[in-house]
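Me: Please go through this model with me by question and answer, keeping to what can be read from its coordinates.
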Amino acid sequence: MKNKSDNKLMNMPWEECPKGFTGPIWRYSLNPIINRHPAENISRVFNSAAVYFNNEYVGVFRGDNLDDIPHLYVGHSKDGINFEINKDKIVFVNESGEVLEDSGYQYDPRVIPFEDYFIVVWCDNLSGPTIAIAKTKDFKTFVKFDSPFLPYNRNGVIFPRKINGSYLMLSRPSDSGHTAFGDIFLSESKDLTYWGKHRLVMKCGYEWWCALKVGAGPVPIELDDGWLLFIHGVNRTCNGYVYSIGGIILDKNDPSKVLYRCKNFLLTPEEQYETCGFVPNVIFPTSALVDKENGRIAIYYGASDTYTCLAFTTIERVVNYIKEHSR
Ligand code: BMA
């Protein structure tokens, strides 16, 4: 069935590259697009995922409440920039339609357009952080699968179509705290519940800016000859962790193989909303809109665990940059 999000993206957020700018990705000049206290009971919205659906932009947002605990909220927007965040958090049902109790916390969602539904992946609580998966067709009912992953793992995204007959997930196993390690692994599933055939895709530490950990960001973007994946990479300084955005290209039929790995970060915290906030020096990409007709990409990223921001590039520009700066 045709994917509902395949329609031409109307009003996709976009801003031309500033004159004289030579980097691979540029920021939206009116960042942040979501400021502190965007809705009652929510102090910060960041690390969130938007897609195009039914002639509008709809997202699953991480909202940290007034007690600091994160939950997931649906939000809507006509232009992908000005979002109205629902007042009430998402309540999940199980596969029999029964309402599930709140697991305690939920964060860092990814939304994957898949056939005629959307898959949502996020970090949930199973006596510690691990990956949870739900399906939705309308962003009203979210059917949660029964504990697909063991703790600890807090960073997952699924490819937007099956490859060789399987769903494929990129994830980053972790520990129960502020994990001081992180590599990207690939896992396969036939049904979104049982995952196996795990493969190491890439270890951290190939450059200083990702010395400590690497993790998958937005849904991989299909190219003619591979998959473009934005990642986060973490450096450890004497003053704490620094999260930057990086880029790699994976093999089209076997995405456990890395074809190109950019030695430079694509974007690193520089603006005040990235360097000052709840957690300074963090930029964390979690979704990307792609206009396949003109190659434009709009990346949503969290800034300093406080704000939601946008950055832009094109497929051609970023792919060339990654290839030209690949080691
Ligand atoms: C990671 C995740 C993100 C967060 C980042 C920086 O481990 O928990 O939610 O943005 O740390 O604090």
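Reply: Two strands pair if DSSP finds at least two bridges between them, and strands (E, at least two residues) and helices (H or I, at least four residues) are DSSP runs, numbered from the N terminus. This is a predicted model, in which local features need pLDDT of at least 70 and side-chain atom pairs count only at pLDDT 80 or more, while totals for chains, interfaces and linings use all residues. Residues are numbered from 1 along each chain as its sequence is written.

Me: Which strands stand at the edges of the open sheet of 5 strands?
Reply: This open sheet has mixed pairing and the order S6-S10-S9-S8-S7. Within it, S9 (residues 129-136) and S10 (residues 142-144) run antiparallel and are joined by 2 bridges, with alanine 134 opposite lysine 144. Each edge strand has a single partner strand, so one side of each is left without a neighbour in the sheet, and the two in question are S6 (92-93) and S7 (106-114).

Me: How many bridges join S2 to S3?
Reply: S2 belongs to an open sheet of 4 strands with antiparallel pairing, in the order S2-S3-S4-S5. S2 (42-53) and S5 (84-85) stand at the edges of that sheet, each with a single partner strand. Valine 45 stands opposite glycine 63 in S3, and the antiparallel strands S2 and S3 (residues 56-65) are joined by a number of bridges that comes to 9.

Me: How many residues of S12 are buried?
Reply: A residue is buried if 20 or more other C-beta atoms, placed from the backbone, lie within 10 Å of its own, exposed if 12 or fewer, and partly exposed in between. In a regular strand the side chains alternate between the two faces of the sheet. Here Tyr167, Met169, Ser171 and Pro173 point one way from S12 and Leu168, Leu170 and Arg172 the other way, all of them buried. S12 (residues 167-173) is therefore largely enclosed by the rest of the structure, its buried residues numbering 7 of the 7.

Me: What is the bridge partner of isoleucine 158 in S12?
Reply: S12 pairs in the antiparallel sense with S13 (residues 184-189) over 5 bridges, where leucine 168 stands opposite glutamate 188. S11 and S12 also pair in the antiparallel sense, over 4 bridges, and in S12 the partner of isoleucine 158 is methionine 169.

Me: Which exposed residues does the face of H2 turned away from its buried side carry?
Reply: In H2 (residues 315-324), the buried residues are Val318, Val319 and Ile322. They lie on the same side of H2 because they cover an arc of only 100° around the axis, the arc being that of the directions from the helix axis to the C-beta atoms. The face turned away from that side carries the exposed residues Glu316, Asn320 and Glu324.

Me: Is asparagine 281 buried or exposed?
Reply: Asparagine 281 is found in the loop between H1 (272-275) and S20 (283-291), and it has a positive phi of about 65° although it is not a glycine. Since it has 21 C-beta neighbours inside 10 Å, asparagine 281 counts as buried.

Me: Where is tyrosine 152 found?
Reply: The peptide bond from proline 151 to tyrosine 152 is cis, with omega near 0°. As for its place in the chain, tyrosine 152 is in the loop between S10 and S11.
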